[in-house]
Amino acid sequence: MVSTIRPSSILHRTPWVPPVAVAAEGSYIELESGQKLLDAVGGAAVACVGSAHPAVNKALKDQIDRVSYVYNMQLSNQPAEELATLLTEGSNGAFELCGFASGGSEAMEGVIKLARQYFHETGQPQRTNFIARELSFHGNTVATLSLAYHPTRRAPYAAILDDQHFHHVSPAYAKRFQRPEESEADYVERLRAELEAKFLALGPDTVIGFVAETVVGATTGVVPAPKGYFKAMKSVCDKYGALFILDEVMSGMGRMGTLHAWESFGDGVAPDLQAVAKGLGGGYASIGAVLMSKRIATGLRGASGIWKHGHTYQGNPLSCAAALAVQKVVASENLLENCRTQGAYLEKLLKARLQGPNVPSAPFTFDIRGGGGFWGIEFDFDCPEGATLDFRGQQFAMLLQAHALESGIVIMGMTGGANLEGTKGDVILLAPAYNIAAQEVEKIVEMFGASVDAVLEAHRV
Ligand SMILES: Cc1ncc(COP(=O)(O)O)c(C=O)c1O
């Protein structure tokens, strides 16, 4: 049993007290109890080069010995400067400037404020509205919860969220919302027309920008948009002079098998502004970044020339040294290629294990989707075979996550992403490290498949 009852002075995010990790190496984590866990989801799609990578550990230790902290309003530092240069000069012209944050929510707050600052300083102060999407997640601060629409995470705070400046259109989630009579192109056109109608209803010259996760993560569980969607949405932004903004906090920095998710899953359309975080520091330090296109950089350089926003730990030398080392490891060990190769292998094995002939889970495995190192498995019990199961008021995805942890594998269960009300849906998210080996992929599928079977079996009526 890993979820032992233990005292804790932490107000945890879970109804149970999570077990305590005491060591980690590669894709394995060791608990206080001595049990070893295989991390199949990189924590929360974070640990992209695994734990205790020697090059990253060394970079962190070296940086502690040099400069551990300086304040960004007084001094800059070497790893911050080098990381910013790497992120901009390595973007093939997509990005020209970079600003740092301490994580994904902070990066998205930074994006919201920077987008507003841009129009405030470039002669369009009447632009005050953002349009984002239902069933999206952009962070857990008040502004990012307002921007996004994660039904359960925003519910307790709905009364204090801002619905004056943050507006929503439909998600791009074909498997659930594309109509049977629609082609993919028809569906994209319906979503494009809806966005344009929203611009017109708000007043097109009041819109700051359209914001989307390139691949939706924490709400619906690895949902790429239909082909042509981002091109269509950007065309609306361009038509009315608004910004096209991508949140790649979860799906970016290599997670989809390309450095930026839009390169493979976003029609190759570069955004005006982009947030990245998780895979940037790979879990070695708290860091996020805001990447700014030439349009934004030129506008700001011609105005105040500064980012009117900041936090105490922005550009922290240790965080930047860790992120720099992680990015160098990803490049020097050719990990994006490994991520694509092992991702394709994971997909093949998952499909055979969960959807193959005479497999107990096959009737309930609604969808297996993703790319690179980011995979979602959606279960649905709205089928005749569903009558043979009774989860006694509990959610399958959470039962499965708990069972998997008990049996030694870390996965992420998510619920409520299959309808707009947030009451339906069971998804498991897998996001192994980019340097995962084929044998570990096999182990993930074997352990995960065994947990699926066991939870189904335990709830047969
Ligand atoms: C797309 C997206 N944006 C923002 C965030 C918030 O990031 P953080 O938890 O680092 O604040 C998340 C976290 O899962 C995310 O998936």
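**Entry: α14 against α16**

I started with this pair: the axes of α14 and α16 come within 10 Å and cross at roughly 30°. That makes α14 roughly parallel to α16. My cut-offs: under 35 degrees is roughly parallel, over 145 roughly antiparallel, 65 to 115 roughly perpendicular, and the rest oblique. Axes are lines fitted to C-alpha atoms, for helices over the stretch in contact, and angles run from 0 to 180 degrees between N-to-C directions.

I noted that α14 passes α16 in a right-handed crossing. Right-handed means that the near helix is turned clockwise from the far one by less than a right angle, and left-handed anticlockwise. Next I listed the contact, with two residues touching if their C-beta atoms, placed from the backbone, lie within 7 Å. From α14 come Gln-342, Tyr-345, Leu-346, Leu-349, Leu-350, Arg-353 and Leu-354. From α16 come Ala-438, Val-441, Glu-442, Ile-444, Val-445, Gly-449 and Val-452.

**Entry: ground rules**

This is a predicted model: local features need pLDDT of at least 70, side-chain atom pairs count only at pLDDT 80 or more, and totals for chains, interfaces and linings use all residues. Residues are numbered from 1 along each chain as its sequence is written. Helices (H or I, at least four residues) and strands (E, at least two) are DSSP runs, numbered from the N terminus.

**Entry: α16 by itself**

I checked the length of α16, residues 438–458. At 1.5 Å a residue its 21 residues should span 30 Å, and the end C-alpha atoms are 30 Å apart, which agrees. The expected span is 1.5 Å times one less than the number of residues.

Which residues of α16 are buried? I found Glu-440, Val-441, Ile-444, Val-445, Phe-448, Ser-451, Val-452, Val-455 and Leu-456. Seen down the axis of α16, these fall within an arc of 140°, so they line one face of the helix. The arc is that of the directions from the helix axis to the C-beta atoms. Buried means 20 or more other C-beta atoms within 10 Å of a residue's own, exposed 12 or fewer, and partly exposed in between, with C-beta atoms placed from the backbone.

On the other side of α16, Gln-439, Glu-457 and Ala-458 are exposed. The cover over the buried residues of α16 includes β3, α14, α15, β15 and β17.

I turned to α2, residues 54–66. Its buried residues are Val-56, Ala-59 and Gln-63. They fall within an arc of 60° seen down the axis of α2, so they line one face. An α-helix has 3.6 residues a turn, so residues three or four places apart point the same way.

The face of α2 turned away from the buried side carries the exposed residues Pro-54, Lys-58, Lys-61, Asp-62, Ile-64 and Asp-65. Among the elements covering the buried residues of α2 are α3 and α13.

I took the α2–α13 geometry next: an angle of about 155°, with the axes 9 Å apart. α2 and α13 are therefore roughly antiparallel to each other. The crossing is right-handed.

With 17 C-beta neighbours inside 10 Å, Leu-60 counts as partly exposed. Leu-60 touches Tyr-284, Leu-318, Ala-321 and Ala-322, not counting residues up to four places away in sequence. The C-alpha atoms of Leu-60 and Ala-322 are separated by 5.7 Å, though the two are 262 residues apart along the chain.

**Entry: α8**

I looked up the buried residues of α8: Tyr-187, Val-188, Leu-191, Leu-195 and Phe-199. They cover an arc of only 120° around the axis, which puts them on the same side of α8. The opposite face carries the exposed residues Ala-185, Ala-193, Ala-197, Leu-200 and Ala-201. Gly-203 follows α8 and has a positive phi, near 100°.

**Entry: loop residues**

Is each buried or exposed? Leu-135, in the loop between β5 and α5, counts as buried with 27 C-beta neighbours inside 10 Å. Arg-392, in the loop between β14 and α15, counts as exposed with 7.
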